[in-house]
Amino acid sequence: MRILKPFEYFEPVTVSDAVGLLATYGDKSRILAGGIDLIPRMRRREISADYLISIQKIPGLDYIQEQENAGLKFGALARLYALENFKGIKKNYPGLHAAIHQISSIQTKHMGTAVGNLCVATPASDVATALLTLGAELTVSGVSRERKIPIGQFFLENNRTSLHGDEMVTGVNLPHPPNGMRTAFLNLFRTHSDIAKVSVAVAVVFEDGLCKEARIAIGAAAPTVFRAVNAEKALAGRKLNSKMIDEAAKIAAEETRPITDMRSTAEYRKSMSELLVRKALERTLESPKV
Amino acid sequence: MTQELSVVGKRLPYWAAQDKATGAAKYTADIKLPNLLVGRVLTSPHAHAVIKKIDKSAAEKLPGVEAVITWEDIPHKLFNPNIQDITLHMPQAVIKDAYIISEKARFVGDVIGAVAAVDEATAEQALGLIKVEYDILPAVFDMAEAMKPGAPLIHDFAKNNISMHMNFPVAWGNVQDGFQQADVSVEAAFQTSKQHTAQLEPLSCIAQFDASGRLTVWSPNQRFFIVRSKLAELFDIPEGRIRVISHHMGGGFGKMADMGAEPICVALAKKSGKPVKVQYSREEDLFGTWTREAYIESGKLGARKDGTLTALSMSILVHSGAYFNRSSATAIVTMGSFTGLYRCPNVAAEMTAVYTNIPCSGGSRGYGVPEAYYLLEQLVDMTAEKIGMDPMAMRMKNLKQLGDPGLVGLPLETPTQEKCIRLGAEKIGWQEKRSRKKEDGNIRRGIGMATYLDVSGGQPFDIQDRNIEIKINEDGSANLYIGISDMGQNLLGASAQIAAEVMGLRYEDIHIVYGDTDYCSFDAGTYANSGCYQIGNAVMKAAAEVKKLILERAAGKLGVTPDKLDIRDRRILVRDNPSKSVSIGEISKDCIYNHAGQHLNIFGKASFSPAQNPYPTGAVFADVEVNTETGGVKVARLLLVHDAGRLINPATVEGQLQGAMALGIGYTLFEDYYINPRTGVLESNNYNTYKLPSTLDLPELEVELVEEPTPSGPFGAKGVGMSGIMGIPAAIANAIYHACGVRIREMPITPERVLKALKEKVV
Amino acid sequence: MKKEICNFRINGRPYELLVAPNTTLSDLLREQLDLTGTKCSCGVGECGSCTVLVDGKPTLSCSTLAVTARDKDILTIEGLSRGTELHPIQKAFIDHGAIQCGYCTPGMIIMAKALLDNNPAPTLEEVKEAMAGNICRCTGYVKIIDAVIAAAHMMRKGGN
């Protein structure tokens, strides 16, 4: 197939209109933000959308705002390129910055939105993996209500989120990183533009030389991105030395449920999860504050 | 040769670069015609199935549908899209086992029908309305399974799915004796992979019958004259009633020397009575055009303890896939390269081609030679290690020398191989890096090499005839007629440089007319590195004829005999009295507008059939880093030292070599044509899943050229196109072994495979 | 599905066109306007050969609906040169042998323009990163990168 199937096209100018359309047309409808994932999949007939609801004309969704020591938020139309180049993100959320930076196509980053990336809900999303460690919270609008979904509750399975049929994500809030938090992001891939074989993001909050809290997120090693909570528990309150790190990495690998596909084997993904978690935790011992 | 050259040897802009840089260059998909219909193919969703019944009626009735064709609508003539049956001197090497539309589904993606409609949407809808009744058969995707007794039979004639077994006909000596004489012998087996050319332009074609029934076909093809003859045979149309136009191609890489969408496009144009354009999607191109040949290749090398070879033997299982295509042609090249690279008194080789229900293997850049060296050059390294000898030194001991028969039996013309090896070794720091102490850390560094001989065309096995014409315009400029297409190799520019040099014109004085069977004479096609060497020679001959006519005419004007004249800078000058001269423009104008009735058609034509085959040669050195924690392989340095004879245009030669090196890296490390082992479906069916290297995935591609003119080449040039890839996989594999002691049986050499091998090695 | 009349500004020229929403920008350019310089090679946004500039931003036209590009400034490869007067990037590509089959070339040149408009003096690494979303099968990228760096030089010296 070389062309898209016909569809009804809408350009609502308010969020309320957009979700109203979602409610009307249900699962035959899709939101169009950047389109960088949606359009190719529609062309390949992997997604069928009889009703396409563009949010590109809704004003006020492309914000990226920092609040003085109160975190950062960005809207549904904040492009990956803008996020990558936003000083506050490089400074305060270097793990997220690293995850976006290593997306190799500049065109993709100009067109693609972080929210769109999250809504695809692929377990291989580097951006999702990084955000999962940052306490991100998605603001969601539906026909009759607004709500917030912590990112840990957003991904249900491959390509499925916890959004209801009439809901769209309007933005993401990131709390200000706790004092003493250090982050790292690592992944492995075939070529630079390929989806990761496995990706790991960690955020460790240090206090008095101990690991107060560890957040370990793994991508492409389970049906969704996930937090290795057992590994995190093993580290909480402990001193982060190489023995602890090794142990945590092993536990984290046990929490993965990887598959064999064209990019890698289950065995390799499990093994590399352990390696990358170890290396990422080691990085937090070296990296500058935050 | 110390002649002063003013055009040859210069880094002049590629011919048509301006058109390509401005978007003006039209590729087949860009061409529009009035009433052009959209052609789409219907492919089988099953890997192996009998087609019981096809009901076209609903599709035919859809408004806007102008033709729906299935097997019953096409000529029932078996053919092989590699169309080498009419050019190879040994035609029995080509098995014709396919129809334009398949009568049975033999792989997921096999073409079983086609439609032509007024637009894409209607064509797609029509495809959906064609009702096909299949009798699904069990399928096999693995050669071993396919050869087992009782395996599903894919082609009726091929018992156990074996289409052909061949002993290499050019074998010599006695390998049994040879192995007995050996002090050491080493064996290895490797599985090469189905790299896809993945050229940027997806397959396309336009076919149009005019009101008198004359057929015009626009098709990007490396051998479009042969395509014309094949279409003539398939459709019972005399060649003279078929015009094939092949101008700009978005990549060829050898794959486009096969017939592509032409037969189906012509069939649709015939049935509909309207012009039809077929454009494959990227997915259709990846499963519907053929990959590099996939082998399980095993070999044995015997040598004395001083490193001299006593015996070489090789056995290839060719994984043809669903149809035969080039299974024997590439295997013969592989066997010839394996046995022909070094001096060896006893050689033997054999091949067996096996059908399975997967998309076919064909031939791509290298055409079986990189595969041959992948096995041979690793055997050499393994042997050198066993003997305790530097592998480079072992190679030197066995190189072919001047006058020795080379890969295709014809003699070597220049002895540059050793020079290339030594130069490369020095540049990369071979001695120092080979004896480098092994590091303790997780990153292991290693250096490996491979050497190669390549060809300048398919002679003496294949028709390689060239025909060139040159006419002179009123102003003294020239039209150069070359019957080839342009896939970016700038053979057209190089030809213009050669013509200009001989005729004393400037590069910009040459206008090229090309790629059209109506305007150009027969050309055998651009593949197997034939272009620069063969067409260059033909151009030289034709230009020499033109020069002769001009000099004769000018001699009259200048009052001397022609042998006293020189031609350069668009002027003819008396050698001993250069102020006495006349411009080529004056001469040509006078030949055309001559009131004394002394009209002369200044026209040169030449035919060329190569009697020699000078061997491009060189060596590749790879410096790699293996991460023993991840299995990841990083090529830190890749150096190619190459002899292409005289460089007609150095930028062109460098560009060809660099591109081939990149292709080689993709082949060795990244590109995985991933077929689902249960369903036979190609899952890596677009660029997001079939990964080509980007700017970030390649090391610096270093090219060092050793320019030694070869006696039979035009100004001493050899062929170029494929050479850059020949030694890449072997050099990288040898470097990996040096770094961390493992050889990987399967390609691509992925981190998964390396890590697994490292773990098993420890155990 | 309703077709709409949309206004486009392509290479500085206004167009008023009847466009179906399911038309991609690359199809609008190639099929409706015969601006076939922009190529479509993969249709999944991976190869970059469909790259055009939309309001100065490098955009994959195969993954962009034409209707979303209306009322914006669109630059295609055809818009870079004027008759025989070439843009420095085009000149550099020609001079450095950076064009072989040419299929990736329009996308490469447009992406290079986006880079140099934003960063007139890129390092070698920055050029490689900028061009990472454009695939070439012929050149191994060596001469393409040379050309972009040379073009940057030329443009800093002589304007454009």
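In which order do the three strands of the open sheet in chain B lie, and is their pairing parallel or antiparallel? The order is 20-21-22, and the pairing is antiparallel. The model is a predicted one.

Strand 20 (565-568) and strand 22 (577-583) of chain B are the edge strands; each has a single partner strand, so one side of each has no neighbour in the sheet. From one strand to the next, the twist averages 30°. Strands of a sheet pair through backbone hydrogen bonds. Strand 21 (residues 571-574) of chain B is joined to strand 22 of chain B by four bridges. In strand 22 of chain B, S581(B) is the bridge partner of L573(B).

Two helices of chain B pack on this sheet, as the table shows.

| Helix of chain B | Strands of chain B touched | Angle between directions |
|---|---|---|
| Helix 15 (residues 531-558) | strand 20, strand 21 and strand 22 | about 120° with strand 20 |
| Helix 16 (residues 584-592) | strand 21 and strand 22 | about 40° with strand 22 |

The sheet and these helices belong to a chain whose secondary structure comes to 19 helices and 26 strands. The radius of gyration of chain B is 27 Å, close to the 27 Å that the globule rule gives for 763 residues, so chain B is as compact as a globular protein of that length. Along the principal axes, its C-alpha atoms fill a box of roughly 90 × 75 × 45 Å. Of the 763 residues of chain B, 61% count as buried. Among contacts in chain B with a separation of 6 or more, 80% are between residues 24 or more positions apart.

Terms used: Residues numbered from 1 in each chain as written. Chains lettered and ligands numbered in written order. Predicted model: local features only at pLDDT ≥ 70, side-chain atom pairs only at ≥ 80, totals over all residues. Rg over C-alpha atoms; globule rule 2.2 N^0.38 Å. Buried ≥ 20, exposed ≤ 12 C-beta atoms within 10 Å, placed from the backbone. Contact = placed C-beta atoms within 7 Å. Pairing = 2+ DSSP bridges. Axes fitted to C-alpha atoms, helices over the stretch in contact; angles between N-to-C directions.
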